[in-house]
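Let us take a friendly walk through a structure, one piece at a time. Have the sequence and the 3D view ready as you read.

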Amino acid sequence: MKDDLSKFLPLAPAALHILLALAGEDMHGYGIMQEVARQSEGAYKLGPGTLYDNLQRLMDQGMVLEVTSDDPRRRYYRLSSLGRKVLSTEISRLEGVVREARLHLRRSS
Amino acid sequence: MTRWLYIRLLWLHPRTFRQRFGDEMLGIFDQSAEKSSLMVDGFLSLARQWVLRERAVTFSPTTAADGVLLFYSTEPEIPRLSALMRGAVITFFLFGTICFVMSHRWRQSGLIIGSHHPSLSHLLPAHTDAQPIADLPAEVKMKPYPYQPPVSAYFRLMLVLGALDADQDNVISAAEIDNAPASLWKLDKNHDGKLSAEECGLKPDPNLDPLTLGRMRLAFMRVHPVLAALDTNHDGEISEYEIRNAAAALRTLDANGDGKLVENEVRPDAAVLMASNIMFALDKNGDGRISPAERKSMLAVRFRDLLDGADRARKGFVTEEDLVNEIRLSMEKRRE
């Protein structure tokens, strides 16, 4: 299974932030943009063009699903089980990177 | 206005992307306060969707239960990236061809773009306040102008015009008019301080008698507008005083007031030229009239109809003015 997920990794920053934003709850596009800005404390802002381009790709890859909502003007997006696994694997990979970075920095200091 | 522009921007996106996300993107645009950054994002998205995203149409016939092949019609899609690349190559090739033709136009003036009268005069400054520097050890080399029209036959015939038109572009520019005295002095071959008709371009038969030669000189200086303008006292010569005032005299010929003289402004009127030649040939005593006696010559018989028409008032003689009017009348009739 790990080999199957490796083709999605590493995730691009925009895709990582979108998956992280959807990890908590279903969201519409504008909600995802606001959540990404909040998570990064305003350091990373997604524009609608970048957001929907990534959403389209994530949906084509099966990591994000479109769900129906009461508001016909807004579409909500949900993290699929595949998306959740890819996100978990990416977080584990990033944790390893951080661990290695800290180790190297400790040695050099 | 920005909303209208953003809608146009969304409209330019690929249809599938636009139909799927266009409304949502517009909704976010309406909610957001940072319109300018969203406009930039819109442009980047437009470029990304058309250039980077593959839109290969998956199309394959399938077989129905009864064995008959089923075909599907697809939505119109954008050209493939490879097709766009080929288009770019073709465009680049055509652009290169046009540039090549423009720079090697083989003296075809019809292919010139950007100048109605291709001329060095357009490039040369008319006036300068800068003092000439004699000891500057510099050499300026100019590339020849890519298109140089052939020198007009009239400018070749009229030595005065040839001297005035220093860059030989068939246009006497403002700078060349200002420099007219210096140009005219170069024609004074015998250094007598004035220009005779011969020095201006007249080439008479050396066997002519002095009286006929004098009449020919006067007619030559009178018929050609540039000589008539320069020879202000109409004595058949351009004196030193007239040479010094040549620039002002030439400007009187500038009919359209554009500061330069083109061939149309210096060419003699066809009717005047023809009448002058006829007068010179028939008016043997040089009194300015063609008398009944002078009309008996063999040459006059050839112009009988013209002379009869010119003498409408039955004066018994024909002047040069009568001839000019009659020639113009017959020219107009021929045009009709």
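Of the 336 residues that make up chain B, 21% count as buried. Keep in mind that this is a predicted model. Chain B holds 18 helices and six strands. Among its contacts with a separation of 6 or more, 54% come from residues 24 or more positions apart.

Now let us zoom in on one residue. B:Met279 sits in helix H15 of chain B, which covers residues 270–282. Is B:Met279 buried or exposed? It counts as buried because it has 20 C-beta neighbours inside 10 Å, and the cut-off for buried is 20 or more. Leaving aside residues up to four places away in sequence, B:Met279 touches B:Ile290, B:Glu320 and B:Leu323. Take B:Ile290: it lies 11 residues from B:Met279 in sequence, and the two C-alpha atoms are 7.2 Å apart in space.

Next, turn to chain A. Here three strands form an open sheet in the order E1-E3-E2, with antiparallel pairing. Strands E1 and E2 of chain A stand at the edges with a single partner strand each, so one side of each has no neighbour in the sheet.

| Strand of chain A | Residues |
|---|---|
| E1 | 27–28 |
| E2 | 64–67 |
| E3 | 76–79 |

How many bridges join E2(A) to E3 of chain A? There are four bridges between these antiparallel strands. To find one of them on screen, look for A:Val64, whose bridge partner in E3(A) is A:Leu79.

Note on methods: Residues numbered from 1 in each chain as written. Chains lettered and ligands numbered in written order. Predicted model: local features only at pLDDT ≥ 70, side-chain atom pairs only at ≥ 80, totals over all residues. Pairing = 2+ DSSP bridges. Helix = DSSP H or I, 4+ residues; strand = E, 2+ residues; numbered from the N terminus. Buried ≥ 20, exposed ≤ 12 C-beta atoms within 10 Å, placed from the backbone. Contact = placed C-beta atoms within 7 Å.
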